[in-house]
Amino acid sequence: MAETFVYDFADGNRDLKDLLGGKGANLAEMTNLGLPVPPGFTITTTACRRYLADGHRPDGLDTQIAEHLASLEAAMGRRLGDATDPLLVSVRSGAVHSMPGMMETVLNVGLNDDSVTGLSAQAGGNDRFAWDSYRRLIQMFGKTVCDVPGEDFEEAIAEAKRAKGVRDDLALDADDLRGLVTKFKKIFVKHTGHDFPQDPREQLDLAIEAVFRSWNAERAVLYRRQERIPADLGTAVNICSMVFGNLGADSGTGVAFTRDPATGEPGVYGDYLANAQGEDVVAGIRNTVPLQDLEQLDKKSFDELMGIMSTLEEHYRDLCDIEFTIERGKLWMLQTRVGKRTAAAAFRIAAGLVAEGRIDLDEALRRVSGAQLAQLMFPRFDLSSEPTPLTRGVGASPGAAVGQAVFDSRRAVELAADGVPVILVRRETNPDDLAGMIAAQGILTSRGGKTSHAAVVARGMGKTCVCGADELEVGRDAFTVGGTRIEEGQVVSIDGTTGRVYLGPVPVRPSEVVRYFEGELAAEYSDDPLVAAVHLIMSHADAQRRLRVRTNADTGADAARARRFGAEGIGLCRTEHMFLGDRRELVERLILAATDTERADALAALLPLQRADFVEILREMDGLPVTVRLIDPPLHEFLPSLEDLAVQVAVAHERGEDAGRTEEMLAAVRRMHEQNPMLGLRGVRLGLVIPGLFAMQVRAIAEAAATLAREGRDPRPEIMVPLVGAVQELETVRAEAEKIIAEVIGDAGVTVLIGTMIEVPRAALTAGQIAEAAEFFSFGTNDLTQMAWGFSRDDVEGAFFWKYLELGIFGISPFESLDRDGVGRLVRIAVQEGRAARPDLKLGVCGEHGGDPESVHFFHEAGLDYVSCSPFRVPVARLEAGRAAL
């Protein structure tokens, strides 16, 4: 039986999203709900994948398209390309995951030199409409299907308007547009070497292939990488009978949201543009009117639209994003999807739907993410100094963004690569601006509204965006507003919540969500709808999660803040950080000590300093576990620079002076110099080679715990031995540590656990042996990733990771999100073999992956007991741990 590549809208449903793409599945769902959807059919993602793999349309596809096209013609009572009463269709992409504007669309397919006359007759003799539709087809087809430069078409339109002395496209009449069609055809021939195709089926087939190919267009690849969308899904293609919003004042097109996608507030939100087709709204090339204005323009269609919006939100139980067209007073639904929203809107909508009884708390928790919570914790503008706005637009995506004004996407990428924060300023963005939008701190446009390309993409990425600041006159290298000119390099600040634009930097303040986590809003959280939503969902996440969340902290201040953020202990206290600054000299003395006496003196000086550090941290985390990692620096970090010492000695010799102690130090540093310090004398190796080093640290921990216990506190220290690769290393350190602990703790009633980091691949592979000497494992995924991949993190990220990302070798850096297949397998092996040897083995992770949302889900699946991350990421990990449990 032949494989099915084509489905009528009436034959699908939203559960077939993987096959029909998001747009096709939702068109089918609306059709089945009885909503006014123009008839059409969908070509599956499977057909796209076959086309991309084989380089041609799969066998059987053409026949199935012909069959469904014939059914569509019968349903509409018109034929594609008929000279007297033509059927026209749109050819639209529709990926599984929403990728707004990243792939191709061709409208008005089926028009040619003959059928344009029939279209005019169909529209009651409206020649202007017919020729406008034809020029749109040639323009879109040329650019999308045949790679004709879009600028050539735009320049021809601009020239036509200049010749007539008008500024608006609508001022061009039928004769003007007929002339444009002639010019567009010449442009087409110039760039392709052949005439614009007159055969409607040829137009259709070529448009379908262009949509297939657009899956791998540069901007689509970049967007997928940014949004972590798999590269092997392909796109569906939706063939839909055309309905026209550009038939006059009683026609139009718009985009609507069932709730505000920026704030989550219920209400009527969207944009409408009379006498226009859909791309005019999304492109932002004409400023729209608020959707509410439609009530005065066409109350019947407005009321019907409100009813449909209510139906869709009730059906999908979520914010819906809707595209519609009104053709001479008849409302048509062209698309719906669960709408992209800002982080604030995501939390408020989820909590609101719970309050309305439409979803439960589990579903609310599924609908938000740690990445969105992190966005809510970003600072906001501090307007206490009452800065005067330069202008104001539409707050399309919240946040506070400050940077140098830049007017070109490539320039934005260049400056951002050099560490310069930039604000991308454009009349309107288009999909080719994606790289610049990613690089920028925020986006500012003079055209468009909350449904423009800039707004939709910015919300999806969590970027601050202000659109439709129509007082701006944006040029190639500057913009003016009033009498003020702002050139590239001048700093501007944009507020994506209020839409205000400021000249110069505006100071920022902590977000209300951070204040809530800090405890400042604990008593009044219900007064702020966003904070109330965060509180509701975070409380449920904490109730659901199995994974505990600790923090990585080296000071009492960090520990205290993390505890306020909900940390349930410290999973990593890096003791090497305690040896920087004024203490560095003591460590140098220790490492370079030539005699036992010198070494003992250095250790004696370090002991009280370390003890005080641990007292402070254990006091802040009273009653909670504190995992202290014994010193683990690459040795070179604590030694004087070999190059600097060599220069000092050479200069002394040149002057005939005695280099003295400097020369002795140079000899010692040369003796200890390593070609690859990250794989050299560090971690447990350093503790075994330098007598007394680990013993001093263990004693300091034990003395601090005993002191606090005698004060009536509840210290819970855990000693972690780093870089263990063989159980014998751990056994040696443990034997010495247990003697010191027994001696110091005495009857203080403190239990001190001893365990190890799993950061060497061999440790993961021999975890069963190591577990016999360890009471806990903590996975150091930073080093485990470096050693598993053979990467030096400090070197490779800037050297070639960009190329690996570009080539698709990485979807995301393995240092950012855990490599499940490789490093993750090592983790699973260690968990399985470690627990087999010691069933009560405590398991955690303390690498940077402990705060990465995707990685948290993996650690839950792998059976770890806790994750540990930086204080600021503790709420994110708590949320994701709750989501992982569902």
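Is Asp-321 buried or exposed? At 4% relative accessibility, Asp-321 counts as buried; here, buried means under 20% relative accessible area, exposed means over 50%, and partly exposed is in between (1.4 Å probe, protein chains only). A quick note on the views below: this is a predicted model, where local features need pLDDT of at least 70, side-chain atom pairs count only at pLDDT 80 or more, and totals for chains, interfaces and linings use all residues. Residues are numbered from 1 along each chain as its sequence is written, and side-chain values use heavy atoms, with hydrogens and water left out.

**View A. Arg-337 pairs up with Asp-321 in a salt bridge.** The closest N and O atoms of this pair are 3.1 Å apart. A salt bridge here is a side-chain nitrogen of Lys or Arg within 4 Å of a carboxyl oxygen of Asp or Glu. Arg-337 sits in strand β12 (residues 330-338) and Asp-321 in strand β11 (residues 320-327), so the link spans 16 residues of sequence. Helices (H or I, at least four residues) and strands (E, at least two) are DSSP runs, numbered from the N terminus.

**View B. A loop arginine, Arg-358, meets a helix glutamate, Glu-313.** Their side chains form a salt bridge at 3.1 Å, N to O. Arg-358 is in the loop between α13 (343-355) and α14 (361-366), while Glu-313 belongs to helix α12 (residues 299-316), so the pair ties together parts that are 45 residues apart in sequence. Arg-358 is partly exposed at 24% relative accessibility, whereas Glu-313 is buried at 8%.

**View C. Asp-542 and Arg-878 bridge two helices.** Here the closest N and O atoms of the salt bridge are 2.6 Å apart. Asp-542 comes from helix α20 (residues 529-544) and Arg-878 from helix α36 (residues 874-885), so parts that are 336 residues apart in sequence get tied together. Asp-542 is partly exposed, at 25% relative accessible area; Arg-878 is buried, at 9%.

**View D. Six charged side chains join in a network of salt bridges.** The members are Arg-57, Asp-62, Arg-201, Asp-205, Glu-209 and Arg-213. Across the structure, the salt-bridge count comes to 62.

**View E. Cysteines, but 0 disulfides.** A disulfide is a pair of cysteine sulfur atoms within 2.5 Å. The sulfur of Cys-467 is 3.4 Å from its closest cysteine sulfur, in Cys-465, which is too far for a bond. Cys-846 is in no disulfide either, with the nearest cysteine sulfur, in Cys-869, 11 Å away. Cys-467 is buried at 0% relative accessible area, and Cys-846 is buried at 2%.
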